[in-house]
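Open the model in your viewer and keep the selection tool at hand.

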Amino acid sequence: MSSTSFLGNLKDNLWTNNPIFIQILGICSTLAVTNNLINTSIMTVALVFVTAFSNVTISLIRELVPRKLRMITQTVIISFYVIIVDILLRAYFPEIHKNLAAYVGLIITNCIVMGRMEAFAQANPPLISFWDGFTSGLGYMAVLLVIAVIRELLGFGTLFGVTVFPIYNPVDGSGWFTPWGIMVTPASAFFLLAGIIWAAKALMNRPVAAKAPAPAPQAATVGGKA
Amino acid sequence: MNDLNLFGLFFASVFTSNILLANFLGMCSFIAISKDIKSANGLGMAVTFVLFITTAVNWGILELLKMLDLTYLSFIVFIIVIAAVVQMLEMIIDRVSPALYMSLGIYLPLITVNCAIMGAALFMQIRDYNLPQTLAFGLGSGLGWWIAIVALAAIRGKIEKAPIPQGLQGPGITLITIGFMAMAFTGFSGMIAVQ
């Protein structure tokens, strides 16, 4: 369970209880957009916004909602914020909105948002709930940005669309970089995420070796519910 | 408008554009429930069933929203329709076939928040499918998900006893397995694709 102090909560959500590599939540909707840094950034910012504000909303009304109705209430609140994001993106970034397409709508079923509501906002006051949603979003953002940097750099030789590795051109001999075809395919996202999970677990388990199996059952139950 | 023929669309959504391996949808329950073949099979069946029905229902609702010029509400309406359909299916199956309920029942509530179901509805909206296309796409996507989860459960059963580095056990090795499966499935992509 997450800590209720602000600093402890930040540490939890960014590292010791990171939504992606420890809880294995919310990887559904966004791995697909990680082959491009711009899309990934927009997508993760949207998720941070939705998680933070839905958390604070559910926390404000947590005593008014009957237990039986809480799932549907949560879903409606999330959809409400996602629609706001969708309309904002459509108005200000139409190009990116077109690229992200269905994946903006899929924030609704992103397990992290619902997971944080269920696990945290349901039982805590608004301010810390907002913070919890915000930091969970950041934990998610950090991992996805790492994946996106690797995929875009090796897949296209660019970062944020700016050429970093000039691609080799056999006609005039300019450039030297051959793009890695696999980084563009979905498969690479799975491999990279697995690598990150491995690295994170290896780092975490250095002091206490027996800690590894503990998060697995929790991930299964939370993932099942959300 | 999409000019793919129905069989092409069906085939593409089962293999080349597999909703799970190419579009990453439904990953949460995919990883959590794929530990043994029996429950993977049950969940796969339930997802196929619900996905097919909800995309069809959502198609109808979307037409209604288009008529009323309320399409910006589509997200909220889709998720409510999905929740309602799942609830109704649960009650109907319970009444009509207790045996089927026993095998599918526990998976049905999980499905409401399965990204694949919502994703299929959104793809249907964005790609502007007509009714027959929606049906082919819904059925194909569901079957694709089913095949993928049963295959993964089978593989996970095999690698259970393999000597895997400690940090990679559990989700890590599962993701790598899924990566290889994604590569295998995209091997079909020279043949046909939906964007």
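**Aromatic pairs**

Over all chains, a search of the whole structure turns up eleven aromatic pairs. Select Phe49(A) and Phe53(A) for one of them: the pair is tilted, with 4.9 Å centre to centre and 45 degrees between the planes. Both lie in helix H2 of chain A, residues 37–60. Because they are four residues apart there, about one helical turn separates Phe49(A) from Phe53(A). Keep in mind that this is a predicted model.

**A salt bridge**

Side chains of opposite charge can pair when their charged atoms come close. The structure has five salt bridges over all chains. Go next to Asp86(A) and Arg90(A). Their side chains meet in a salt bridge, at 2.7 Å from N to O. Now show helix H3 of chain A, residues 70–92. Asp86(A) and Arg90(A) are four residues apart in this helix, so they are separated by about one helical turn.

**Helix H7 of chain A**

Select residues 126–156 of chain A. This is helix H7, with 31 residues. How far does helix H7 of chain A reach from its first C-alpha to its last? The span is 43 Å, close to the 45 Å expected at 1.5 Å a residue. Then step just past the end of H7(A) to Gly157(A), which takes a positive phi of about 75 degrees.

**Where chain B meets chain A**

Show both chains. On chain B, 42 residues are in contact with 42 residues of chain A. The area buried between the two chains is about 3500 Å², and carbon and sulfur atoms give 84% of it. Pick out Phe24(B), Phe75(B) and Val113(B). These three supply 20% of the area that chain B buries against chain A, more than any other three residues.

How many salt bridges cross the interface of chain B and chain A? The rule finds zero.

Now colour four helices of chain B: H2 (27–33), H4 (74–96), H7 (115–126) and H9 (171–186). Each supplies at least two residues of the side that touches chain A. H9(B) gives the most, with nine residues. Last, colour that side of chain B by class: 32 residues are nonpolar, nine polar and one charged.

Key. Residues numbered from 1 in each chain as written. Chains lettered and ligands numbered in written order. Predicted model: local features only at pLDDT ≥ 70, side-chain atom pairs only at ≥ 80, totals over all residues. Heavy atoms only, no water. Expected span 1.5 Å × (residues − 1). Contact = heavy atoms within 4.5 Å. Buried area = accessible area lost by both parts, 1.4 Å probe. Salt bridge = Lys/Arg side-chain N within 4 Å of Asp/Glu carboxyl O. Nonpolar A, V, L, I, M, F, W, Y, C, P; charged D, E, K, R; others polar. Phe/Tyr/Trp six-rings, centres within 6.5 Å; stacked < 30°, edge-to-face > 60°.
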